[in-house]
Amino acid sequence: MVSFYRKLVAEHSRISAFQQGIDAAIRPGDTVCEIGTGLGTYAFMASRAGAAKVYTIEKGSVIELAKKLYLANKKDMGEIEFVKAYSTEAHLKEKVDVLIFEDYDCQGLTPGEELILKDARRRFLKPGGTFVPWGMELFWAPLQGEKIWQKEISCLDKNKEQVLGLDFSLTRDLVPHCRVKTPLEADFVLSPPVLLDSIDFAEKQELEFSRELTMEITKPGTLHGFGSWAEFLFPGGHRFSLSYEEPLTVYSRAFFPLPETFVKGLETARRQNTWLLQALFFIDPAFFTPQSIFLPFVRLW
Ligand SMILES: C[S@@+](CC[C@H](N)C(=O)[O-])C[C@H]1O[C@@H](n2cnc3c(N)ncnc32)[C@H](O)[C@@H]1O
């Protein structure tokens with residue numbers, strides 16, 4: 001358990017985005033609430049940035065370690081109150097100026113995080129208060145990702161989709177409808193990423209859209225599937241990106257593999273200099289779990 005939190009603290013891109021965002025958001029004397037303290041890192045940053053009081057909420061037993069770390073590092077800090085609870089069941093003595101939360105999915109929000117943010121906005125944040133991060137953007141891009149595709153699709157090779165005499169080939173075409181969370185690197189992104197949705201946490205928390213996308217694939221390569229990732233937006237203009245073009249983080253990334261037929265279909269398109277790719281894509285809130293973002297239709301021409 002502790003090694004997970006140590007890895008979080010060691011990730012420079014997220015730590016520096018939160019540090020800069022917290023420094024930009026907090027004015028001396030502000031009150032702050034953090035949800036998901038882990039080792040206490042962001043609560044400590046907030047306190048050192050001049051917060052008069054920080055409430056930090058954590059559901060896990062790691063909060064005991066955070067308290068010890070606070071005592072060991074207390075010298076430059078003000079008051080921090082540790083609250084062991086799930087945030088929706090926690091009660092604070094006052095509403096706060098700044099609310100810090102980080103426990104997202106590689107694509108940003110799932111219904112669970114949506115509820116946490118809604119509840120926190122309603123019960124913990126003063127009207128006009130600031131979220132850190134204050135919002136997110138969700139991106140989508142076609143990828144060449146040989147290793148990921150091999151792992152996800154070719155694990156049961158088409159000619160041998162049989163194990164112990166049982167035929168599993170029916171499962172193959174279902175794979176593109178399932179999101180994979182992968183720590184593997186893609187070879188490269190085949191076209192500029194498309195922005196699917198952006199969310200301001202102080203105003204809106206649902207990802208809700210249905211649209212048809214047309215992407216122009218300009219780089220030569222092989223399309224193995226689609227990548228999707230969140231980028232978090234911080235006060236002061238800083239970003240923390242989970243993009244395939246940034247170093248991998250503990251969040252991993254989302255990959256939607258294409259079945260082999262689509263990869264073969266590219267051979268015709270490859271003769272042209274540019275591939276155009278159309279994906280009818282929607283997130284149905286009723287289905288939006290980490291496993292079920294639908295990609296019902298992809299056409300290449
Ligand atoms: C990704 S970790 C971040 C930890 C910390 N911010 C850090 O950088 O070390 C998320 C933490 O949030 C906690 N958490 C998530 N949702 C929570 C909630 N609604 N209430 C309390 N704790 C929560 C988890 O137990 C976990 O420790």
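Predicted model: local features only at pLDDT ≥ 70, side-chain atom pairs only at ≥ 80, totals over all residues.
Five strands form an open sheet in the order β3-β2-β1-β4-β5, and their pairing is parallel. Its edges are β3 (79–84) and β5, each of which pairs on one side only. From one strand to the next, the twist averages 20 degrees.

On one hand, β4 runs parallel to strand β1 (residues 31–35), to which 4 bridges join it; here Glu-34 stands opposite Ile-100 of β4. On the other hand, β4 pairs with strand β5 (residues 125–132), again in the parallel sense and over 4 bridges. Ile-100 has a place in this pairing too, standing opposite Val-132 in β5, while Val-98 has Thr-130 of β5 as its bridge partner.

Helix α2, covering residues 12–25, lies across β4 and β5 and runs at about 155 degrees to β5. Helix α4, made up of residues 62–73, lies across β2 and β3, with an angle of about 165 degrees to β3.

Because 7 of its 8 residues are buried, α3 is largely enclosed by the rest of the structure. The buried residues are Thr-41, Tyr-42, Ala-43, Phe-44, Met-45, Ala-46 and Ser-47. Just after this helix comes Gly-50, whose phi is positive, at about 115 degrees.

In total, 20 residues surround the ligand, and the closest of them are Gly-36, Gly-38, Lys-59, Ser-87 and Asp-103. Helix α1 provides the largest share, with 3 residues. Sorted by class, the shell holds 10 nonpolar, 6 polar and 4 charged residues.

Finally, a single position further along the chain may be considered. Ala-230 belongs to strand β13, which covers residues 225–233. With 25 other C-beta atoms within 10 Å, Ala-230 is buried, as 20 or more such atoms are enough for that label. Leaving aside residues up to four places away in sequence, Ala-230 touches Tyr-104, Cys-106, Gln-107, Gly-108, Met-136, Leu-138 and Leu-242. Leu-195 can be located relative to this alanine as well: Ala-230 and Leu-195 are separated by 35 residues in sequence and, from C-alpha to C-alpha, by 9.8 Å in space.

Methods:
Residues numbered from 1 in each chain as written. Pairing = 2+ DSSP bridges. Helix = DSSP H or I, 4+ residues; strand = E, 2+ residues; numbered from the N terminus. Buried ≥ 20, exposed ≤ 12 C-beta atoms within 10 Å, placed from the backbone. Near = placed C-beta within 6 Å. Nonpolar A, V, L, I, M, F, W, Y, C, P; charged D, E, K, R; others polar. Contact = placed C-beta atoms within 7 Å. Axes fitted to C-alpha atoms, helices over the stretch in contact; angles between N-to-C directions.
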